[in-house]
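Thanks, everyone. I will go through the helix packing and then the pocket, in that order.

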Amino acid sequence: MDLKYIKQDVAKIEAMKGDYEMAHLAEIDLRAGFIALVAEVGSPELAAMAREVLKTDEIDFTRSCA
């Protein structure tokens, strides 16, 4: 993932905004991917923070979007 990839994804989300559920799912995927990237290659403190944020994926609760 790089800036070009992120800009392309943001443009795709903008293009699909008429289907707000799909746009929201794409937004979630982009954010999760970015946080995972930071967890992998960020500075030690930033990577640790990102890994902590990603732990919420492991919490078992119902997730829903309206």
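This is a predicted model. I start with α2 and α3, whose axes cross at roughly 135 degrees and come within 7 Å. Angles over 145 would count as roughly antiparallel; at roughly 135 degrees, α2 and α3 are therefore oblique to each other. The crossing in which α2 passes α3 is left-handed.

Which residues make that contact? On the α2 side they are A32, I35, A36, V38 and A39. On the α3 side they are L46, A47, A50, R51, V53 and L54. By class, ten residues of this contact are nonpolar, one is charged and none is polar.

Next, the other helix pair. Helix α1 covers residues 3-15 and packs against α2 at an angle of about 165 degrees. The two axes are 9 Å apart. With the cut-off for roughly antiparallel set at over 145 degrees, α1 and α2 therefore fall in that class. Here too the crossing is left-handed.

From α1, the contact takes I6, D9, V10 and I13. From α2, it takes A23, A26, E27, L30 and F34. Seven residues of the contact of α1 with α2 are nonpolar and two are charged, with no polar ones.

Now the pocket. How much space lies in the largest pocket? The computed value is about 160 Å³. Its lining consists of I28, R31, A32, I35, V53, L54, T56 and D57. Five of these lining residues are nonpolar, two are charged and one is polar.

Where does the lining come from? Helix α2, residues 20-41, and helix α3, residues 44-54, each supply at least two residues. The largest share is that of α2, with four residues.

Conventions. Residues numbered from 1 in each chain as written. Predicted model: local features only at pLDDT ≥ 70, side-chain atom pairs only at ≥ 80, totals over all residues. Heavy atoms only, no water. 1 Å grid on protein atoms, 1.4 Å probe; cavity = no way out; pocket = protein on both sides within 12 Å on 5 of 7 lines; lining within 4 Å. Points joined across faces, edges and corners; volume = space filled by probe spheres on them. Nonpolar A, V, L, I, M, F, W, Y, C, P; charged D, E, K, R; others polar. Axes fitted to C-alpha atoms, helices over the stretch in contact; angles between N-to-C directions. Parallel < 35°, antiparallel > 145°, perpendicular 65-115°, else oblique. Left-handed = near helix turned anticlockwise from the far one by under 90°. Contact = heavy atoms within 4.5 Å.
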